[in-house]
Amino acid sequence: MKVGKVGSRAPVMPDVADMERAFIVSSSHLAVPGNEDLSEFEFALTVVNHAFHRWMARGMAAAGLPDLSALDTLILHSVNHRNREKSISDLMFTLNLSERHYLNYAMKKLDEHALIQRERRGKEVFVSTTQKGRDVCLEYARLRRICLLEHIPQNREVGDVTIAEVAKALRVLTGFYEQASRSAASL
């Protein structure tokens, strides 16, 4: 480590070789030796998740619907996906929702705005977007291009990793967390 002169006001800076990597975590008690990277990942995931939810809510507000939450927005886009109706169970499965009341509450809001329509067939309910719902999704997509996509690097890399590689890693990690949830439920 470099030492400053006696009486000097210059800051004492350690050599890079002397410095340990400082992991950025929200809960140091979870950053157990050898697993600090997972704690850093979890903190980054928390921060990006909140940023993503904030974007969805503000993007939808800019599209003209300020009272829709991130979940409402996700459900609307999922219902609109490929312009095909979806069953309630398909929506629950696709969005990895475990509580049906979250979906029901969001769909009630989407109904109130005349963004979706429902049709019961037997015991199953099918949902599709109305023309207004499709128009809102298109406006959101237009705003997403302007506010987000124009800032993504053309080589699709973030931190020397492609966005597709990050998505693949997140899908694999989802499996680990799903298994951990099952294990914790059995304790």
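Visitor: Hi! Which side chain meets Asp111 in a salt bridge?
Guide: Hello! In this predicted model, the partner of Asp111 is Arg118, and their side chains meet in a salt bridge at 2.6 Å, N to O.

Visitor: Are those two buried or partly exposed?
Guide: Asp111 is partly exposed, with a relative accessible area of 31%. Arg118 is partly exposed too, at 38%. Both get that label because their values fall between the 20% limit for buried and the 50% limit for exposed.

Visitor: Handy. How many salt bridges does the count come to?
Guide: The count comes to five salt bridges.

Visitor: Where do Glu139 and Arg142 lie?
Guide: Both are in helix 5, which covers residues 131–147. They sit three residues apart, about one turn of the helix, and their side chains meet in a salt bridge of 2.8 Å, N to O. Glu139 is partly exposed at 25% relative accessible area, and Arg142 is partly exposed at 36%.

Visitor: Let's switch to the greasy side. Which residues make the nonpolar surface patch?
Guide: The patch is made by Leu38, Val172, Phe176 and Tyr177, and its area is about 360 Å².

Visitor: Which helix gives the largest share of the patch?
Guide: That would be helix 6, residues 163–185, which supplies three residues. Val172 is found in that helix 6.

Visitor: Last topic: what pLDDT does the protein average?
Guide: The average pLDDT is 90, and 89% of the residues score at least 70. Over residues 1–6, though, the pLDDT is below 50. Beyond near neighbours in sequence, that stretch has eight contacts in the model.

Visitor: What should I do with the coordinates where pLDDT is low?
Guide: Where pLDDT is low, the predicted coordinates should not be read in detail.

How values were computed
Residues numbered from 1 in each chain as written. Predicted model: local features only at pLDDT ≥ 70, side-chain atom pairs only at ≥ 80, totals over all residues. Heavy atoms only, no water. Patch = residues over 30% accessible without salt bridge, like charges linked within 9 Å, V, L, I, M, F, W, Y side chains within 5 Å. Areas by Shrake-Rupley, 256 points an atom, 1.4 Å probe, with all protein chains shown as cover. Salt bridge = Lys/Arg side-chain N within 4 Å of Asp/Glu carboxyl O. Helix = DSSP H or I, 4+ residues; strand = E, 2+ residues; numbered from the N terminus. pLDDT = per-residue confidence, 0-100. Contact = heavy atoms within 4.5 Å. Buried < 20%, exposed > 50% of the residue type's maximum accessible area, 1.4 Å probe, protein only.
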